[in-house]
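Load the model and keep the sequence beside it.

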Amino acid sequence: MLFSEFKCKEVINLRDCKQLGKVGDLEFDERNGCIHKILIPRGNKWESFFKCQDDYVIPYRDIKQIGPDIILVDICTD
């Protein structure tokens with residue numbers, strides 16, 4: 001899968017069925033190429049540009065399923 005395809009998928013939290021947004025970036029190990037975390041910006045792109053909001057940082061182990069249109073995760077968003 002290409003990153004351009006991956007970042008177009010909507011990320012849904014299984015705990016509360018909330019849409020978190022779309023993948024903005026990812027962190028991977030450059031030695032073995034494995035993804036460690038995905039980052040989803042909070043709010044829309046204009047809010048995140050003008051405000052200093054932290055991204056959702058989701059460890060790869062919390063990704064439960066990657067489908068054709070969505071990515072299902074299981075995280076606590078408190």
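Begin with K9. Leaving out residues up to four places away in sequence, K9 touches M1, G21, K22, V23, I66, G67, P68, D69, I70 and I71; contact means heavy atoms within 4.5 Å. This is a predicted model, in which local features need pLDDT of at least 70, side-chain atom pairs count only at pLDDT 80 or more, and totals for chains, interfaces and linings use all residues. Residues are numbered from 1 along each chain as its sequence is written, and side-chain values use heavy atoms, with hydrogens and water left out.

K9 sits in the loop between α1 (3-6) and β1 (10-13). Helices (H or I, at least four residues) and strands (E, at least two) are DSSP runs, numbered from the N terminus. K9 is buried, that is, under 20% relative accessible area with a 1.4 Å probe and protein chains only. K9 has no salt bridge; that would take a side-chain nitrogen of Lys or Arg within 4 Å of a carboxyl oxygen of Asp or Glu. The nearest side chain of opposite charge is D69, 6.0 Å away. Lys and Arg count as positive, Asp and Glu as negative; His and the chain ends are not counted. What does lie at 2.9 Å from a polar atom of the K9 side chain is the backbone oxygen of P68.

Now turn to the core. The largest nonpolar core has 12 residues: F6, V11, L20, V23, I38, I40, Y56, I58, I63, I71, V73 and I75. Such a core is a set of buried Ala, Val, Leu, Ile, Met, Phe, Trp, Tyr and Cys residues joined through side-chain atoms within 4.5 Å. β4 (35-40), β5 (56-59) and β7 (70-73) each supply at least two of its residues. Core member I75 touches N13, R15, L20, Y56, I58 and D62, not counting residues up to four places away in sequence.

Next comes D74, in the segment after β7. D74 is partly exposed, at 27% relative accessible area; the partly exposed range lies between the buried limit of 20% and the exposed limit of 50%. Its C-alpha atom is 5.3 Å from that of L14, 60 residues apart along the chain. The side chains of D74 and R15 are joined by a polar contact of 2.7 Å.

Finally, zoom out. The protein has two helices and seven strands, in the order α-β-β-β-β-α-β-β-β. Buried residues make up 28% of its 78 residues.

Terms used
Polar contact = N/O pair within 3.5 Å; in protein donor to acceptor, adjacent residues only side chain to side chain.
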